[in-house]
Amino acid sequence: MHPLLPHPLTKTEPLAQLQALYQMAVELSALRSLERVLDTALRYCLELTGSQFGFIGLNTANGKALDVVAIQGFHPSRPFYEHNHLIPLRPNIFARVVLENRPIRSEDAMTDPTRVGQPKGHPPVGTFLGVPLRIRDEPMGMIGVANRPESYQDEHEQLLLTFAAQVAIVIRNAQLYEQLTATNEALEQKVARRTRQLEQARDDLAQKAAQLQRLLTETVNVQELERQRIAQDMHDGTNQLLIGAMLELKSARQRLGRSEWERAEESLESVQHILRQVEAEIKRVIYDLRPPTLDALGLAPAIRRLAEQFEGFTQVPCRVMVFGEPARLPSRVEIAVFRLLQESLHNVSVHAAATDVEVILAFAPRTLKLTVIDDGRGFDMAAIYQNSNGHLGLIGMKERAESLGGRVTIQSQLTQGTRVELIVPVPTDETNR
Ligand SMILES: Nc1ncnc2c1ncn2[C@@H]1O[C@H](COP(=O)(O)OP(=O)(O)OP(=O)(O)O)[C@@H](O)[C@H]1O
Ligand SMILES: [Mg+2]
């Protein structure tokens, strides 16, 4: 029994009752867990009314039953509880408390005309007092106490009703608190998940930024090297040839001055020969800079030409297959596809040790697909992606494809060859050209 409670309570001790009620309200309001609130509240109810048995029932969400959420004075087995904890909200002696939203008393619940059949194993219920638990005058459940040795009096009813008003508020608070805790936990989990995603996204972005930085540096370096190479080519090839041509012209003039017609003729032929070489050399340099076939004839012929060059250079057969209706595309698309093939074939020649290469160009109304398949030694892509230092070819391809709204897929396995596939959307707007 609660130490503050004189038992049984009588009308002659209103101050003690008040103190007890106050004390209980304070203690209850400090409890947070719904289960403990219910147990403590019910314990007080039994003590307040000198009852031996009691329960608290709360309306189920669908409003069709009372769910017995606390019992005292009887310890049901788990199966018993599972089977009987819902009391249908029909006008029986218990549920009427809620249905009629008023206290109900009985001298003997077993013989009451509105009795409920007691489930087997339930202790007999004799005297009974039930009061509604109300929130803003609406019943949310009930407290039932029973088996007080003498009958329940008005004062017990009043006391239990007053106490129930407090308990209802505390229960509602505990329910709200539990809801809040559950919502908070869900929210925290959500935030944690989102934070992890954001961290991942941030890391990915940082990695991408670093790659782009390297790509940019490398591109600038490559540009510089390319200029150097072209300058060297022009100097070594064209310039030397032109100097040769000038010397031959000079000697042709001298020979003409000396009327050595035949030898002058020889010199002029030599000049002609050298100028043809200059022309070929200039064509080669121009081709390297920007393949004229690409601008003049489009992708398919330029790709065939590149494949032939690859074959000539590596002695590895390189078949080209073209599907669909070859169409002219914006030049930035054509050059990107061409460069991707150049880079892929370069990789094949340097890394693959392939014996066969296949290039497939497929024109569709909205997309263009280029596939390069080799039967070479393949590679471990995860390893390359993890450490892309110094390997910028594949990354460059991906970036270039993405800048056109397309994408590159690379499939490779050790000893199983490599397949590089580029898909780019074909712009339909003529102004895009
Ligand atoms: N067709 C291929 N067959 C086998 N290995 C390949 C092939 N293509 C790429 N690789 C492997 O992938 C790596 C990365 O290729 P990537 O083109 O990105 O860089 P790289 O060729 O090494 O250097 P670069 O930046 O000059 O292109 C290569 O070093 C090579 O190990
Ligand atoms: Mg490469």
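Glu-343 is partly exposed, with a relative accessible area of 25%; partly exposed lies between buried, under 20%, and exposed, over 50% (1.4 Å probe, protein chains only). This is a predicted model, in which local features need pLDDT of at least 70 and side-chain atom pairs count only at pLDDT 80 or more, while totals for chains, interfaces and linings use all residues. Residues are numbered from 1 along each chain as its sequence is written, chains are lettered from A and ligands numbered from 1 in the order in which they are written, and side-chain values use heavy atoms, leaving out hydrogens and water.

Glu-343 is one of the residues at a metal site. Together, Glu-343 (OE) and Asn-347 (OD1) coordinate the magnesium ion (ligand 2) at 2.1 to 2.4 Å. Donors here are N, O and S atoms within 2.8 Å of the metal (3.2 Å for Na, K and Ca), and sites may look incomplete because water is not among the atoms. Both residues belong to helix α9, where they sit four residues apart, about one turn of the helix. Helices (H or I, at least four residues) and strands (E, at least two) are DSSP runs numbered from the N terminus.

The largest nonpolar core has 42 residues, and Val-357, Leu-368 and Leu-370 have the most contacts inside it. Such a core is a set of buried Ala, Val, Leu, Ile, Met, Phe, Trp, Tyr and Cys residues joined through side-chain atoms within 4.5 Å. Among the elements that give two or more residues to this core are α8 (299–314), α9 (331–352), β8 (357–363) and β9 (367–374). Helix α9 provides the largest share, ten residues. A second, separate core of 33 residues includes Met-24, Leu-46, Ile-56 and Met-140.

What does Val-357 touch, leaving aside its neighbours within four places in sequence? Its contacts (heavy atoms within 4.5 Å) include Phe-310, Cys-318, Leu-345, Val-348 and Val-372. Cys-318 counts as buried because its relative accessibility is 6%; Cys-45 is buried too, at 0%. The structure holds zero disulfides, a disulfide being a pair of cysteine sulfur atoms within 2.5 Å.

Strand β11 holds Glu-421, which counts as buried at 15% relative accessibility. The side chain of Glu-421 makes a polar contact with the side chain of Arg-419 (3.3 Å). A polar contact is a pair of N or O atoms within 3.5 Å; within protein, one must be able to donate a hydrogen and the other to accept it, and residues adjacent in sequence count only if both atoms are side-chain atoms.

Another buried residue is Asn-147, at 15% relative accessible area. Asn-147 lies in the loop between β6 (138–146) and α5 (154–257). The side chain of Asn-147 reaches the backbone nitrogen of Gly-126 at 2.6 Å, and a polar atom of that side chain lies 3.0 Å from the backbone oxygen of Pro-124. Asn-147 and Gly-126 are 21 residues apart in sequence, yet 5.2 Å apart in space, C-alpha to C-alpha.

On the scale of the chain, there are domain 1 (14–183), domain 2 (212–287) and domain 3 (293–432), with bounds from an automatic or database domain assignment. The centres of domain 2 and domain 3, taken over C-alpha atoms, are 33 Å apart. Their contact takes five residues from domain 2 and ten residues from domain 3.
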